[in-house]
Amino acid sequence: MDSRARWRTWWRTRWRTRWRTWRGVIRSLRIYYGNRGRRAAMDHLYGRFVRSGDLVFDLGAHVGDRIASFRRLGARVVAVEPQPALVTTLRLLYGRDRKVTIEPAAIGRVSGTVALKLNVDNPTVSTASEDFVRAADGAPGWEDQTWSATIRVPLTTLDALIERHGTPSFIKIDVEGFEAEALAGLSRAVKALSFEFTTIQRDVAFACLARCTALGYRRYKAALGESQTFVQQEWRTVEDIARWLKELPAEANSGDIYATLG
């Protein structure tokens with residue numbers, strides 16, 4: 001293959017990747033912004049933790065639907081997102097809002113850089129976790145997911161974010177199998193937080209529960225998928241929520257666990 005043919009092949013591959021990436025972003029925008037009832041449910045759920053004037057950290061901001069909810073509740077937001085296409089999207093949506101700060105980085109236990117595996121067709125599951133990709137391989141409900149590109153991105157910690165921006169009242173963590181790494185970078189508790197779990201990586205959720213317990217969190221609730229609704233009325237102990245998570249059927253797929261101090 002001569003140099004001109006190689007250049008054409010490179011350009012076509014690059015164009016197709018960009019087209020698939022933005023198609024995935026547009027799909028996410030439709031899913032996460034297109035349901036008015038879901039927005040109301042989200043505001044109701046987060047309104048239990050967030051008040052006007054509060055500072056909130058949104059780790060794994062994706063296309064920013066949680067940012068929108070936190071802003072409707074009157075909070076200031078630090079949004080952390082490592083994917084370049086999603087950072088561009090967030091800046092287009094929220095770049096003029098002085099109460100939203102966008103941090104183009106991944107979140108982990110140490111600062112530096114990290115390899116980010118991109119799912120160009122479904123950017124919501126791009127991940128810095130090799131274990132997450134291995135767990136998804138062949139798992140029911142994950143058959144069509146592929147991570148076809150890897151880039152290096154900045155890596156920061158929760159402690160570093162707190163030092164730069166102040167202590168938040170609430171932290172939302174949704175970083176596709178890297179949640180325990182994110183919590184390892186937090187040395188003292190804030191009022192409340194949430195972290196995503198998946199049934200293909202329950203061990204990560206158990207590690208998050210152990211870290212939350214070490215930080216002093218005592219009460220837990222859970223919501224499945226994108227329901228924005230707690231599965232139980234009463235707050236549970238860590239033992240109760242761990243038992244519930246262990247018994248959860250695989251087809252439940254994912255959800256979020258919420259933790260508070262008292």
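The face of helix α2 that points away from its buried side carries Arg36 and His44, both exposed; exposed stands for over 50% relative accessible area, buried for under 20%, and partly exposed for what lies in between, with a 1.4 Å probe and protein chains only. The model is predicted, so local features need pLDDT of at least 70 and side-chain atom pairs count only at pLDDT 80 or more, while totals for chains, interfaces and linings use all residues. Residues are numbered from 1 along each chain as its sequence is written, and side-chain values use heavy atoms, with hydrogens and water left out.

The buried residues of α2 are Arg38, Met42, Asp43, Leu45 and Tyr46. Seen down the helix axis, they fall within an arc of 165°, so they line one face of α2. The arc is taken from the directions that run from the helix axis to the C-beta atoms. Helices here are DSSP runs of H or I with at least four residues, strands are runs of E with at least two, and both are numbered from the N terminus.

Helix α2 (residues 36-46) packs against helix α3 (residues 65-72) at an angle of about 60°, and their axes are 9 Å apart. That makes α2 oblique to α3; angles under 35 degrees count as roughly parallel, over 145 as roughly antiparallel, 65 to 115 as roughly perpendicular, and the rest as oblique. On the α2 side, the contact is made by Arg38, Arg39, Met42, Asp43 and Tyr46, and on the α3 side by Asp65, Arg66, Ser69, Phe70 and Arg72. Contact means heavy atoms within 4.5 Å.

Arg38 belongs to helix α2 and is buried, with a relative accessible area of 11%. Leaving aside residues up to four places away in sequence, Arg38 touches Tyr32, Asp65, Arg66, Glu226 and Gln228.

Helix α9 (residues 238-247) can be read in a similar way. Its buried residues are Val238, Ile241, Trp244 and Leu245. They cover an arc of only 125° around the axis, which puts them on the same side of α9. Glu239, Lys246 and Glu247 are exposed on the other side of α9. The elements that cover the buried residues of α9 include β8 (192-198), α8 (202-215), β9 (219-224) and β10 (254-260).

Glu130 lies in helix α5 (residues 130-136). Glu130 is partly exposed, with a relative accessible area of 43%.

Definitions and conventions:
Axes are lines fitted to C-alpha atoms, for helices over the stretch in contact, and angles run from 0 to 180 degrees between N-to-C directions.
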